[in-house]
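Please look over the sequence and the structure below.

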4 protein chains.
Amino acid sequence: MLPQHFDLLKGLVNPNYVEQGAQARNSRSKHFTALFTQRRLPDVGWKEDDIQALLDEMASFDTNNFEGNVGVGEREGRVISDLVRRRHFGLTHGIGRSGDVMAEQPKAAGSSLLVQLTRYLALDAIRLAGIKAAKACAVLPAATGLTMTLVFLALRQMRPEGKYVVWSRIDQKSCFKAIGAAGLKPIVVELKPIEGTDALGTDLEGMRSAIEQVGADEVLCICTTTSTFAPRVPDFIDEVAVMAQELQVPHVINNAYGLQCSKCAHLVETGCRRGRVDAFVQSTDKNFMVPVGGAIVAAPSAALVDKVSGLYPGRASMSPVLDLFITLLSLGAPGWTGLLQERKENAKWFEERLGTVSSKLGLRVLKVPANRISFCIDLSPLGRSTDGAEDMDHLTFLGSALFTRRVSGPRVVLCTPKPGAATLDVETPADTIKVKGKYQKVIDGTPFECYGAHTNFYPCCYLTAACAIGASRKEMDAFLERLEAAVQDYKNGAGRKEKSGIAKPALGS
Amino acid sequence: MLPQHFDLLKGLVNPNYVEQGAQARNSRSKHFTALFTQRRLPDVGWKEDDIQALLDEMASFDTNNFEGNVGVGEREGRVISDLVRRRHFGLTHGIGRSGDVMAEQPKAAGSSLLVQLTRYLALDAIRLAGIKAAKACAVLPAATGLTMTLVFLALRQMRPEGKYVVWSRIDQKSCFKAIGAAGLKPIVVELKPIEGTDALGTDLEGMRSAIEQVGADEVLCICTTTSTFAPRVPDFIDEVAVMAQELQVPHVINNAYGLQCSKCAHLVETGCRRGRVDAFVQSTDKNFMVPVGGAIVAAPSAALVDKVSGLYPGRASMSPVLDLFITLLSLGAPGWTGLLQERKENAKWFEERLGTVSSKLGLRVLKVPANRISFCIDLSPLGRSTDGAEDMDHLTFLGSALFTRRVSGPRVVLCTPKPGAATLDVETPADTIKVKGKYQKVIDGTPFECYGAHTNFYPCCYLTAACAIGASRKEMDAFLERLEAAVQDYKNGAGRKEKSGIAKPALGS
Amino acid sequence: MLPQHFDLLKGLVNPNYVEQGAQARNSRSKHFTALFTQRRLPDVGWKEDDIQALLDEMASFDTNNFEGNVGVGEREGRVISDLVRRRHFGLTHGIGRSGDVMAEQPKAAGSSLLVQLTRYLALDAIRLAGIKAAKACAVLPAATGLTMTLVFLALRQMRPEGKYVVWSRIDQKSCFKAIGAAGLKPIVVELKPIEGTDALGTDLEGMRSAIEQVGADEVLCICTTTSTFAPRVPDFIDEVAVMAQELQVPHVINNAYGLQCSKCAHLVETGCRRGRVDAFVQSTDKNFMVPVGGAIVAAPSAALVDKVSGLYPGRASMSPVLDLFITLLSLGAPGWTGLLQERKENAKWFEERLGTVSSKLGLRVLKVPANRISFCIDLSPLGRSTDGAEDMDHLTFLGSALFTRRVSGPRVVLCTPKPGAATLDVETPADTIKVKGKYQKVIDGTPFECYGAHTNFYPCCYLTAACAIGASRKEMDAFLERLEAAVQDYKNGAGRKEKSGIAKPALGS
Amino acid sequence: MLPQHFDLLKGLVNPNYVEQGAQARNSRSKHFTALFTQRRLPDVGWKEDDIQALLDEMASFDTNNFEGNVGVGEREGRVISDLVRRRHFGLTHGIGRSGDVMAEQPKAAGSSLLVQLTRYLALDAIRLAGIKAAKACAVLPAATGLTMTLVFLALRQMRPEGKYVVWSRIDQKSCFKAIGAAGLKPIVVELKPIEGTDALGTDLEGMRSAIEQVGADEVLCICTTTSTFAPRVPDFIDEVAVMAQELQVPHVINNAYGLQCSKCAHLVETGCRRGRVDAFVQSTDKNFMVPVGGAIVAAPSAALVDKVSGLYPGRASMSPVLDLFITLLSLGAPGWTGLLQERKENAKWFEERLGTVSSKLGLRVLKVPANRISFCIDLSPLGRSTDGAEDMDHLTFLGSALFTRRVSGPRVVLCTPKPGAATLDVETPADTIKVKGKYQKVIDGTPFECYGAHTNFYPCCYLTAACAIGASRKEMDAFLERLEAAVQDYKNGAGRKEKSGIAKPALGS
């Protein structure tokens, strides 16, 4: 409604009430103005109604929603199912143009505006998370893995000689596959144990020698990772960045769910400040609690970001952008920083509680101080309690036992304490829980020993649990209770007969 | 509700009424059974309520919706904005696993089921459209351009020597960029005029000699296109397929919006039957009227389709899959074939009407019999009416005039009738209408003369208009009226003063 | 968004696109302006998006939606379930104040505006339906029956001596109960057969003598009815109105679903013009296809309408008002008059088709020319086909047979052709179909012979079917097919064994 | 989905995942079973998804949603606006039959089930609130005022001699109008000051003598009220009930928002146990935080409840019933009792804080210990601070000042400390804030001195603020801050010049 409408309404009800309405309208208007001028997370999270109102306005700017519009192109944003149309608020043109996925669309002014606003908000969120060096970003409707591939492909257009990616090992499949998907060759640099802890960290010297071996010119980029399952810790981004600068090799960071952790953010920030970082990629779902499907490419300068969005051939789904837009507006700056702070405190609290429960069960939490998201318990005492190797295998039962207790996400990792202990090249059966490690696995032609453990040999079998953004203490407490019950069951011999199949106890029982 | 619930309800109201309810419930149940067993488009389109009910059921199978679920992984499908959660029906885990984007997710049984069902429905829809040779498909959350890139990347893993894509020219940017994005080199084969018509068609001999020149082994694939703006016509898929088989070169078809046209579908079908087709890619939005963001890779055999989904690194957005699922269920088989039939009849009707209106305006429709979607009017008489070259430029005003009359999608193409007539390498200014042709354009390093016209020289300037799926006769009639008015204005000298800027008349006036 | 916002957006994307958005925004704005100034059904039905936008704006004017509002009253529009809040668009304050249910609420400017606008729209719709004499109306969140009670109670405050309601018999229960609920005494005036037809019409002389017998001063009002099941026809409103004026007795019309029928509307219009009509009440659900729950009290002058809304003690649900508002905006004037016209034509068409089908079955349609909504078939030949009275009872099986074929709404009426044929005072068992007539029924102390037939004796048993607003020809055709099948089954002896119970065939079989 | 569907799905994805789905499905199923068998508030509040699923199931049992249903009645639940249909979940038939508004509808089995379930849930909620004597209830789609009228009308059918309602004065308009609307005569019994406090309470002797004066037979009922603005306190329900039993006069309690207060609930409970209570009526919106529009008639025996629902002529809106159903399911028993407990504690806390703030401002909280919802501050010192009577009038400015600070709901009551001080019979101008007292007001012919103060004379002017269910401490704290600021402004002379008009400061400034 426009100011003149309020005057018209004064003939319908008491003008004082209309005046109230106009003033309420102004409150919303001020939010709009603040967003359009400041282009950063609002000082207070928006109410759903205000977000909805803005989306409705924006949708009305797209040609498919114009009154009396006639379309004689091949793509006119027509949507035949009203259920589908509604869930997209009428924003049906997707994002981008054939030349650039972040570009404006002539037919879709509203969608185009939303894309630009989302970029600003995302950049602000990244800075608030601690990476103030971020100067440009693109929000892509592709999850972290594919986005990494796109970054590699874009780099390749800029550095056609580059064919190797020097990669600090992390046993997360899509991360590694992203290299092969781009038609590139990975050079895997194994991790090193960090003295005085149970942690695994970056082998800086290994990286340097890998680069020197093939020659820096042939290296497309170095690829490091921040967020990771313990006992791996974030790569030493700062030091790698310095080396990258020295060797004049691009450096891309997989910051998948690192935005939620001040430790990871600090590493990226320092890397950008002191050395070379060409881009860092983060998941929208894992950091901002939206559905899977988007990632943000950010960088200390716009060059590579623009190259990535310019490389993208054609239009793309708007859905992940929209989800992020809605979420960032509804959180506002305090909502976002509050979530970050809460997670940090929860993680600290959880680690302590996990220690207490572990002690009670005769187990211990592995010492991995640099990983502030994921925590491990050494399960070996459980395996050893009777008679050796086969029992270690049986530890997988713990995973099943937790799953049937409606715990999702823990991983049981079976490790070989010395080389050659297991050489089967098999995929773990498609199962309802993740059991990792022990076996060799070949991905895109590269074999990995003890896949899942980030290393060929690790001295113990363990269970990991993460305290991620959005997890509540109530939830983590429930996990600890269920873990205790599962270990107790395990000790009582549960599952030994049914070992070969899927866990038998009914879900939720 | 389960059968036993109905018995419980009999104590609450008249048992006869409960019985009615149970019988109504059975109707819905039968639809579910039919879908799960037949896995094809339903005989009657589903009501929105039934679709919603199925989605709600499926969502309840994903762990994030389990009652009492506790998540200790790094990705647990948490969604913080309820508005976002609702618009995805609680389906927040996306699709795929790190190893395969079409694979099942342990944490998301419901989402996984929806993905598989959507593949079956999509395959059925492709067959109903006339491509019975289709035996496998994947529905990807990437639009046609990026999906083409993914197909090229997958082919490359199977054929590492291949570095060229032999490509029959079509002036649609994302299509061409898809090649460069994959790090491949395009070999552009120019089109040939088709005798006795105004059409431009495939230069088969040109393709063959291009392949022979670099050697078939170095050719990753031939890339042809079906749907296109007139006066280009669909590539001679059938003949290219035979040649591809003979030369043992893979053949990928860009069938962007060809599924909606029996002519295009027939060409693909024949190609598959008689020669070699490795995959054909079609847009979900352009064929099925869903929001932009998805494409279907289909093929006569599963090999390349599986390779593409196995190449995809990591998970992806479920949104485009979901939109297609909802739409196909709501259409049902008769809805889908009805739309195809209606479009076919509308296109015929429109071509006639366009002829009549053109005659009235002293213009003529170009003779491009093999293009059944897009139609052209020769605008040269308008340009010539006064004094030559500069006037041709002024034809762009027609585009603006249509745009201000709320017509989206028409293209005015300015052509150079002979070589060298224009050599500026500029991008048309980011404008609200598409004006194509005349100028040279360099994409990913390759220069194209007269970009937008599919050819370096074309004897006349023209305007294109498409009769796409979902367009109604009422809408097309409105277009013809507005076209007539715009041409009339043009003849009366409108816009001559304001030529340099954007059209001044207010939108919708 | 306000005009200044568009300027701010020009820094974000191409100003031309922003301009497009602003112009699209103007289209919506014009609709708002038209509604607020003209206050009648729009010339074109509004799109859902525009309606939603207006509702969202209005909701933001209610204090419960004010940003930062603090409530220290006992009723602050707080809604704890978000699902509930959403379905009411945040409009939670209901309508009215303690003094008047149509009055403005200080806390709810938006809701108040919606109430006033709905009244204007409803009045316009009544006029477009043919009752141009309507000068005032109130939309009440009470269905027809209770609204009639409220009208009687209001009249009573104006005419405290009145204790009788002179009522032209119509066998529709809530209509009669409305009198007793108001604490008044009904005087039932039986109908008279209309010569040359099978119809039952108003006994004008009977009414006059009833009034004279108790004295006009003691008569609160005359109550007539327009819409009714055949063979009853609309009361002779015009003649009753003249008599009401002459005798100075108020006259209230139950126009339940009469707005949909030009015949009924014309009678009310003529009554208002020529005689005395104090108010006429119509259902919102039966005329405007909204959910059950609202009625409109309209009148040729505001007096009684205001009295009714002023009588209503306290606030009330906004839901029925909101449903009507949305519906009238989405229909617009052409949508509403189109529905009326379509129903009229459908009814004519249906009557003919019903005649044809009846003939084929050896039955006939009763001659009731003045009822243009409801139609009857004489079922007696079916009852007589074997051996007499008991067979007439068995005609009820036809109702069951239709119900199991998913036909809702037909009535089988069993009549006694002469006095005393049946005297049981029983309620028909709570059944899934309506079987009427034959039995005596006592409502609020008043006995009715042959209840359901509008008369004590009627020469035949019959089945009624209505062609109401919103029914499609396809639906009516399906009815005729199912009727034919049911009668055929009946003739073949179906149901004779299972007569006592509910029909056994499964629903939908 | 039915058990057999899960088997069918096992061919589509890993059977283990399907099994997970089936188990998740069972969790929902168990909730359904518990609801249908126990028919009371669930032990844990339902998730929105589960509620939605149940509503969708129920809606599918109504004939209008049957697949292939054909309607030939005059009311078939057709809804033309999809927006309207959706917001009612397809439940369009309303509630009740012509004979009884709580009765089952043959055409709407699902709606009928929802009505019955809601009655059970509401009864359970009433008992949990402390009125265990409640044995029957009806949830009516009419707010408290009209519901009281309906109770009076029903009582009248049972007690035709009764024409007076003996009513303990409460200055809440709809409550009093409910009597007149039913065509009854009120006998107003003035309140009495309660010694040792500032409170006003029931004049038991006054009631008895009022009854004796007209004769108990002519008294339709006694009407008492629990929830009320201070300084009035709840009527002495227990003692009145004993007297009602003794005198054999029906007793109806207006328990408008008393369900939220254990004090009020206890009074009703005691009344039912020790004396006579025929029915007690409570608002759904004021107690359960749903939109305005419903009330619950409850009683220690079913007689009057059934009479009320049997009196109701015809069908009615389902909306208020549906809102209550959704809300009660989502709250569950702990949610509901938690809200009650929280309010109790908040009220105690608020009273203390109000005392502190008042002291600071040189004011005092009136001593009204028996009112646990509403609190008063004596404003007289502010009025007296300068020079007398006119200043008391100016106290109304405080209301405006609070309103412009976005405080809704406080009341400023101007009282006459002795008879005859003000005799104007005017309505306070329809204003954005409530200013009460001082003036005489005539409602339905009965004059009230000093309307708004519950008494003809009260020794001071005061401001009331309530701590109602759903109000948060944060909100109440904001009120106290704004109150302090407003009083400070007042003391500084604000508003003295603009006194005559509406407050000038902009809302929210």
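In chain D, the charged end of R411(D) lies over the ring of F229(D), at 3.8 Å from the ring's centre. Chain C has an arrangement of this kind as well: R411(C) places its charged end over the ring of F229(C), 3.9 Å from the centre. The model is a predicted one, and this applies to everything that follows.

Rings can also pair with other rings. A pair of aromatic rings is described by two values, the distance between the centres and the angle between the planes. Over all chains, the structure holds 44 aromatic pairs. One of them is formed by F32(A) and F36(A), with 6.1 Å from centre to centre and 40° between the planes, and it is classed as tilted. Where do F32(A) and F36(A) lie? Both belong to helix α2 of chain A, which covers residues 15-38, and they are four residues apart, about one turn of the helix. An α-helix has 3.6 residues a turn, so residues three or four places apart point the same way.

A pair in chain D is built in another way. F350(D) and F375(D) form an edge-to-face pair, with centres 5.8 Å apart and an angle of 65° between the planes. This pair links distant parts of the chain, since F350(D) is in helix α13 (residues 319-360) of chain D and F375(D) is in strand β12 (residues 374-378) of chain D. The two residues are 25 residues apart. Both F350(D) and F375(D) are buried. Back in chain A, ring pairs join W167(A), F176(A), F448(A) and Y451(A) into a cluster.

Next come the cysteines. A disulfide is a covalent bond between the sulfur atoms of two cysteines. How many disulfides does the structure hold over all chains? The number is zero. C376(B) is buried, with 1% relative accessible area, and C460(B) is buried with 7%.

After α9(B) comes Q248(B), which has a positive phi, near 55°.

The remaining topic is how the chains meet. Two copies of a chain are related by a rotation about an axis and a shift along it. Chain A is superposed on chain C by a rotation of 180° with 0.0 Å of shift along the axis, and the RMSD is 0.1 Å. This is the relation of a two-fold axis. Within chain A, L2(A) has the C-alpha nearest the axis, at 3.2 Å. Both copies use the same surface, as 100% of the contact residues of chain A recur in chain C. The contact takes 52 residues from chain A and 52 residues from chain C.

The size of an interface is often given as the accessible area lost when the parts come together. Between chain A and chain C the buried area is about 4,500 Å², with 60% of it from carbon and sulfur atoms. M1(A), L12(A) and Y17(A) supply 14% of the area that chain A buries against chain C, more than any other three residues.

Chain B and chain A form another contact, with 101 residues of chain B touching 101 residues of chain A. About 8,000 Å² is buried between them, and carbon and sulfur atoms give 60% of this area. On the side of chain B, V72(B), E74(B) and R87(B) lose the most area to chain A, together 11% of what that side buries. A rotation of 180° with 0.0 Å of shift along its axis brings chain B onto chain A, with an RMSD of 0.1 Å. R87(B) is also the residue of chain B that comes closest to the rotation axis, its C-alpha being at 2.5 Å. Here too the same surface serves both copies, and 100% of the contact residues of chain B recur in chain A.

Terms used: Residues numbered from 1 in each chain as written. Chains lettered and ligands numbered in written order. Predicted model: local features only at pLDDT ≥ 70, side-chain atom pairs only at ≥ 80, totals over all residues. Heavy atoms only, no water. Phe/Tyr/Trp six-rings, centres within 6.5 Å; stacked < 30°, edge-to-face > 60°. Buried < 20%, exposed > 50% of the residue type's maximum accessible area, 1.4 Å probe, protein only. Lys NZ or Arg CZ within 6 Å of the ring centre and 35° of its normal. Least-squares fit on C-alpha atoms with pLDDT ≥ 70 in both. Contact = heavy atoms within 4.5 Å. Disulfide = S-S within 2.5 Å. Buried area = accessible area lost by both parts, 1.4 Å probe.
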